[in-house]
Amino acid sequence: MIASVRGTVTATGPDLAVIEVGGVGLAVHCAPGTLAELRVGQTARLATSLIVREDSLTLYGFADDDARALFELLQTASGVGPRLAQAVLAVHTPDAVRKAIANADTAALTRVPGIGKKGAERLVLELRDRIGPVSIGPDGVGGVTGGAWPDQVRQALVGLGWTAGQADQAVAAVAETIDGPTPPVPVLLKQAIRLLGRTR
């Protein structure tokens, strides 16, 4: 796999740049934000992901390794290919994608061309537990760190003395009440405890 390229930018187009490495010009498909940072004649380094198909070898380029890692993770979700994964990163920063998935913010995900409501829900369902830590912004918004909220609430409930089965039921019940952005974990935990208090 070609993990990165460094060389002289010899040309740029609407969706790709040509970077000359060791006398060979590599066509690297990039999102508009990445292309905007490249200048013809200057040296550039791009993190890359090589997509191998029966009839083609396509190189996708990113400003940093984090964006490339997220590009590859997105493709593990059902129905997401390299073009759609790159479209996600063309619309949102990697941090914004992680926050949207961790907080089940389907409205943000559906702003990506090609992703409808069901597709956004599938991304959340399949990637939420694997998306990694989510940074919390200066305004305190951003939701969770160190895992998705269901795991955090479940662990807290078990720690408070409920069984794993009871915790799972409470988390499922709380999840059904969420309509829109996900509330902070402490709010969700209080809601789960209230639900469990009725069943004791």
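Colleague: I'd like to learn to read this fold. Which residue in β5 is the bridge partner of Val 52?

Modeller: In β5, Val 52 has Leu 57 as its bridge partner. A word on the source: this is a predicted model, in which local features need pLDDT of at least 70 and side-chain atom pairs count only at pLDDT 80 or more, while totals for chains, interfaces and linings use all residues. Residues are numbered from 1 along each chain as its sequence is written, and side-chain values use heavy atoms, without hydrogens and water.

Colleague: In which sense do β4 and β5 pair?

Modeller: Strands of a sheet pair through backbone hydrogen bonds, either parallel or antiparallel. Here β4 (residues 43-53) and β5 are antiparallel, over seven bridges. Pairing requires at least two bridges found by DSSP; strands (E, at least two residues) and helices (H or I, at least four) are DSSP runs numbered from the N terminus.

Colleague: What do the strands build together?

Modeller: Five strands form a closed barrel in the order β1-β2-β3-β5-β4, with mixed pairing. On average, neighbouring strands of this sheet are turned by 55° against each other, direction ignored.

Colleague: Which helices pack on the sheet?

Modeller: Helix α2 (residues 65-74) does, touching β4 and β5, and its direction makes about 15° with that of β4. Helix α3 (residues 82-91) packs there too, touching β3 (24-30), β4 and β5, at about 10° to the direction of β5. Such angles run from 0 to 180 degrees between N-to-C directions, with axes fitted to C-alpha atoms, for helices over the stretch in contact.

Colleague: Is Thr 58 buried or exposed?

Modeller: Buried means under 20% relative accessible area, exposed over 50%, and partly exposed in between (1.4 Å probe, protein chains only). Thr 58 sits in strand β5 (residues 56-62) and has a relative accessible area of 18%, so Thr 58 is buried. Beyond neighbours within four places in sequence, Thr 58 is in contact (heavy atoms within 4.5 Å) with His 29, Ser 49, Leu 50 and Ile 51.

Colleague: How does Gln 75 compare with those cut-offs?

Modeller: Gln 75 lies in the loop between α2 and α3. Its relative accessible area is 21%, so Gln 75 counts as partly exposed. Setting aside neighbours within four places in sequence, Gln 75 contacts Ile 51, Val 80, Gly 81, Pro 82 and Ala 85. The C-alpha atoms of Gln 75 and Leu 123 are 9.9 Å apart, although 48 residues separate them along the chain.

Colleague: At what angle do α2 and α4 cross?

Modeller: Angles under 35 degrees are roughly parallel, over 145 roughly antiparallel, 65 to 115 roughly perpendicular, and the rest oblique. The axes of α2 and α4 come within 10 Å and cross at roughly 40°, and the two helices are therefore oblique. Asp 66, Ala 67, Leu 70 and Leu 74 of α2 meet Pro 94, Val 97, Arg 98 and Ile 101 of α4. By class, this contact has six nonpolar (Ala, Val, Leu, Ile, Met, Phe, Trp, Tyr, Cys, Pro), two charged (Asp, Glu, Lys, Arg) and no polar residues (the others, Gly among them).

Colleague: Which residues of α4 are buried, and what covers them?

Modeller: In α4 (residues 94-102), Pro 94, Val 97, Arg 98, Ala 100, Ile 101 and Ala 102 are buried. Their cover includes α2, α3, α5 (106-109), α6 (117-127) and α7 (149-159). Just after α4, Ala 104 takes a positive phi of about 55°.
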